[in-house]
Amino acid sequence: MHSLTKDELRELYFQYGENALRELGWIRSIRSEVLQPGVKITDEIGDVRDLDDPILNSWYVCPQCSRAFHHSAIVMKPPALTLEHVPPESVGGNTLVLTCKECNEKAGTRLDSQIATVQRIRDLLTARRSSSRRKRPPVSGQFFIDGHPYDADIESGDGSNRVYLNLPVVPGTPDYDRVSRYLESEAPKEFRFEIRLDVDFNAERVGWLRAGYLAAFAFFGYRYIAHPDLKLVRRQIAQHSSAVIPHFSAINPSGAPNENRIWWVDVPHFPMSLVIQMGWRLVF
Ligand SMILES: [Zn+2]
């Protein structure tokens, strides 16, 4: 099977978005003074009005920040509209939609990095090999032998984790003697491994909310994200440390790593009741 290049993928997602905007009549309504790439067309998606431009009539609106981008945004180097992995690449996601470069990069450093860190911890705890295609460096920590800490790296693998110890190898030094005495002694041994990873769990949860939002956008398009309720979701994504929406995520421990689904919720019924499952994480 021919797999698409990044340029072809960008073109494809751009066309999806553009066709949807055209169907909704929004393309006609994008104002001519915003013919600069990256100009925000409106405070909120779905609130655009009037005027038509017959020549530069080719648009995509970033689903996160509502800014309109002309087709040149995917041709310029580097592109102003970028391929977005949903869920993030660190948890095995695939490219699914276009978002603008700023939204993509901001989410990458603030939100997706936290998703990647939590995933690393999960991989270690469950001794599962990284679900990312990219090889990740091992997690550094300290391994305690007889109460003394030694630097070590730990790598999660298939069913077991490997610890690489950075042991003193110079005979005659106190460290060397202590370690060899301890390893050779008949006494029952106790090992302890400590890692320290800083995680911002708010950012992590909002990262999943954003992934779910983009998945729903990929599936239902602008008509879905133009619903007034979705303003709150965009605001929560923009302000990840404040509780704009009190509850929006849950965990399904038995969710298979690559099980991605969108559930339509009948009861309780709100105008937009969706549950998006991405592996073990649910957002709604
Ligand atoms: Zn954006």
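**Exercise 1. Describe which strands helix H4 lies across, and at what angle H4 runs to S7.**

Solution. In this predicted model, local features need pLDDT of at least 70 and side-chain atom pairs count only at pLDDT 80 or more, while totals for chains, interfaces and linings use all residues. Residues are numbered from 1 along each chain as its sequence is written. Helices (H or I, at least four residues) and strands (E, at least two) are DSSP runs, numbered from the N terminus. H4 lies across S6, strand S7 (148–156) and S8, and runs at about 95 degrees to S7. Such angles run from 0 to 180 degrees between N-to-C directions, with axes being lines fitted to C-alpha atoms, for helices over the stretch in contact.

**Exercise 2. Work out the order of the four strands in the open sheet, and which strands stand at the edges.**

Solution. The order is S8-S7-S6-S9, with antiparallel pairing, where two strands pair if DSSP finds at least two bridges between them. Strand S8 (161–165) and strand S9 (191–195) each have a single partner strand, so one side of each is left without a neighbour in the sheet. On average, neighbouring strands of this sheet are turned by 35 degrees against each other, direction ignored. Between strand S6 (residues 139–145) and S9, which run antiparallel, there are five bridges, and Gly141 has Ile195 in S9 as its bridge partner.

**Exercise 3. Determine how H4 is placed against H6, and which residues make the contact.**

Solution. The axes of helix H4 (residues 101–125) and H6 come within 8 Å and cross at roughly 105 degrees. H4 is therefore roughly perpendicular to H6, a class that covers 65 to 115 degrees, whereas angles under 35 count as roughly parallel, over 145 as roughly antiparallel and the rest as oblique. Residues are in contact if their C-beta atoms, placed from the backbone, lie within 7 Å; among those making this contact are Leu111 and Ile115 of H4, and Val206 and Trp208 of H6.

Note on methods: Two residues are in contact if their C-beta atoms, placed from the backbone, lie within 7 Å.
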